[in-house]
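This report describes a protein model for readers who are new to structural description. Please look at the sequence and the structure before reading on.

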Amino acid sequence: MSAAEIAAAVRAGERSAVEVAEEHLARIAEREGAVHAFNEVTAEAARRAAAEIDRRVAAGDDVGPLAGVPVAIKDNLCTKGVATTCSSRILEGWVPPYDATVVQRLAAAGAVAVGKTNLDEFAMGSSTENSAFGATRNPVDLDRVPGGSSGGSAAAVAAGFAPLALGSDTGGSIRQPAAFCGVVGVKPTYGLVSRYGLIAFASSLDQVGPFARTVADAALLLEVTAGHDPADATSIPQAAPSIAAHLDDGVSGLRVGVVRELMGEGIDPAIAARVREAAEALAAAGASVEEVSVPAVTYGLSAYYLIAPAEASSNLARFDGVRYGLRVDAPTTNEMMVATRTAGFGAEVKRRIMLGTYALSAGYYDAFYGKAQKVRTLICRDFAAAYERVDVLLSPTTPTTAFEVGAIADPLTMYLNDICTIPTNLAGDAAMSVPFGTDATGLPVGVQVLAPALGEVAMFRAAAVLEAAAPSTAEEDA
Amino acid sequence: MSERISRDDVAHVARLARLSLDEAELDTFTAQLGAILDHAADVEALDLADVAPTSHPFDLVNVLRADAAGPTLAPAEALAAAPSAEDDRFRVPTILGEAP
């Protein structure tokens, strides 16, 4: 059942939220041991919340658009009274004294939180192998990674543990795992969804967004979480667009551009072929399709791996053993901070903190961070020029389908997973991954739909058409 | 191997970032950071002389709110997760070398 169907049935009193919660908790009990999507399953809290929804429905209350819908929450979003770890030893056991704004909005909409999902430590990674608490597996093929960093959220949705999940996307951390697990994942326009209570990785790039099994469910979750929040100074001070109302509008007259630079070198030809099929499907539905050049996207990875670590090195300075989390005792405060951070952070987090510290340090600032910021300007300009010609862009979400657990040990090779997704974060634009068939081995392929800032309506219209046109597994087998 | 960043540079950066690395880690990180910086050097092909830097997706200036009191965490809530606290404050070890 989709999230929309569950909410409708619960609101109408046709299904009990407790029954829905039990059904999903049973599925978790059955398969979570193999998948490891969660750092913590909050079964008792979910049962209590579901019972309260049922009580309110019986009393005639309007319980909201996500009435009784189970939702999984990435473990870098603060949940009052429930441990929030970022899958790091340095925050192990930390219980936040407040809820992230998106968590508050979920509860107000009647959703039932079922647990906190695993991630690459502090959202730094593309495979969910960099978790202090063990790797998450891809439910489609347990020998493969689910992608990352929001791999736990993607796996939870793909495994049917919850119809909806929240993740965060700094360079592709929602879209890439969505593509690997065969679900829908959305990186909204920067500022559309509040970051209050999202533990910061790179503040000018981070954005919270939805995972779902259908495009309509992703729109539903985005609408519930989007909108201005005074607690986040970078939140856009205007009403969020209504997306669901336009899902059936089709793409007649929509101008679509296929990004030339993301269709060749480094991209699995089977994936590029699926993107071309997706473009044909949009054309068949009435869109005009052309190839568009966005030259600076090829420099996205280089700019990102200076800007994101620079911001991370500053953001993660707060983990020093003073106010929360781990403290390793030592005679002086400086020695305590060094001992705490050395014991608490994993290798990838240390690597990025050092890279960022280096890029910002005296003598290197202009050569690295300063130059990366200028490249960011070029990427913004090239996207803006492309969006003069077209309404949405199309590309692969990932250069390959899901790889095997343990297959990529070299950090730079791992970073290359995000070449198609990173440019959108640098520009602050919107993009989403929609499942579109499989490769020859049956692994899911994701097609990325990109849109300018606040272009979510056109992006979702294209995504809805792609969802309806996607080659089914059955056809593949035939 | 890359010569873009030296082992001494990595040791210096680790000190700035309050991280302690053993000899093997220094070798590994020096090689890995060098490879990442080598890749990032592809931007040297671009003429960036007249390009303004972008630090943020929006042209944010100041975001102000009314200077009105609102709800905040009580001291006990703010200190609840502290590894050590005393008299409504975070307690840390010696800072300047005085007796603890």
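The model is predicted: local features need pLDDT of at least 70, side-chain atom pairs count only at pLDDT 80 or more, and totals for chains, interfaces and linings use all residues. Residues are numbered from 1 along each chain as its sequence is written, while chains are lettered from A and ligands numbered from 1 in the order in which they are written.

**Chain A as a whole**

Chain A contains 16 helices and 11 strands; helices (H or I, at least four residues) and strands (E, at least two) are DSSP runs, numbered from the N terminus. The C-alpha trace of chain A spans about 70 × 55 × 45 Å along its principal axes. A compact globule of 478 residues would have a radius of gyration near 23 Å, and the 21 Å of chain A agrees with this. That radius is taken over C-alpha atoms, and the globule rule is 2.2 Å times the number of residues to the power 0.38.

Of the 478 residues of chain A, 64% count as buried. A residue is buried if 20 or more other C-beta atoms lie within 10 Å of its own, exposed if 12 or fewer, and partly exposed in between, with C-beta atoms placed from the backbone. Two residues are in contact if their C-beta atoms, placed in this way, lie within 7 Å. Among the contacts in chain A with a separation of 6 or more, 75% join residues 24 or more positions apart.

**The sheet**

The 11 strands of chain A form an open sheet with mixed pairing, in the order 1-3-2-4-6-5-10-11-9-7-8. Its edge strands, strand 1 (38-41) and strand 8 (288-292) of chain A, each pair on one side only. Two strands pair if DSSP finds at least two bridges between them.

| Strands of chain A | Direction | Bridges | Residues standing opposite |
|---|---|---|---|
| strand 1 and strand 3 | antiparallel | 3 bridges | Phe38(A) and Thr117(A) |
| strand 2 and strand 3 | parallel | 5 bridges | Pro70(A) and Val112(A) |

**The contact between the chains**

In total, 43 residues of chain B are in contact with 50 residues of chain A. On the side of chain B that touches chain A, helix 1 and helix 2 of chain B are the elements that give two or more residues. Helix 2 of chain B provides the largest share, 7 residues.

Ile36(B) lies in helix 2 (residues 23-40) of chain B. Is Ile36(B) buried or exposed? Ile36(B) is buried because 22 other C-beta atoms lie within 10 Å. Not counting residues up to four places away in sequence, Ile36(B) touches Tyr305(A), Leu355(A), Pro411(A) and Leu412(A).

Helix 1 (residues 7-16) of chain B meets helix 11 (residues 347-360) of chain A, where the axes come within 9 Å and cross at roughly 100°. Axes are lines fitted to C-alpha atoms, for helices over the stretch in contact, and angles run from 0 to 180 degrees between N-to-C directions. The two helices, helix 11 of chain A and helix 1 of chain B, are therefore roughly perpendicular to each other, a term that covers angles of 65 to 115 degrees. Helix 11 of chain A contributes Met354(A), Thr357(A) and Tyr358(A) to this contact, and helix 1 of chain B contributes Asp9(B), Val10(B), Val13(B), Ala14(B) and Leu16(B).

Definitions and conventions
Parallel < 35°, antiparallel > 145°, perpendicular 65-115°, else oblique.
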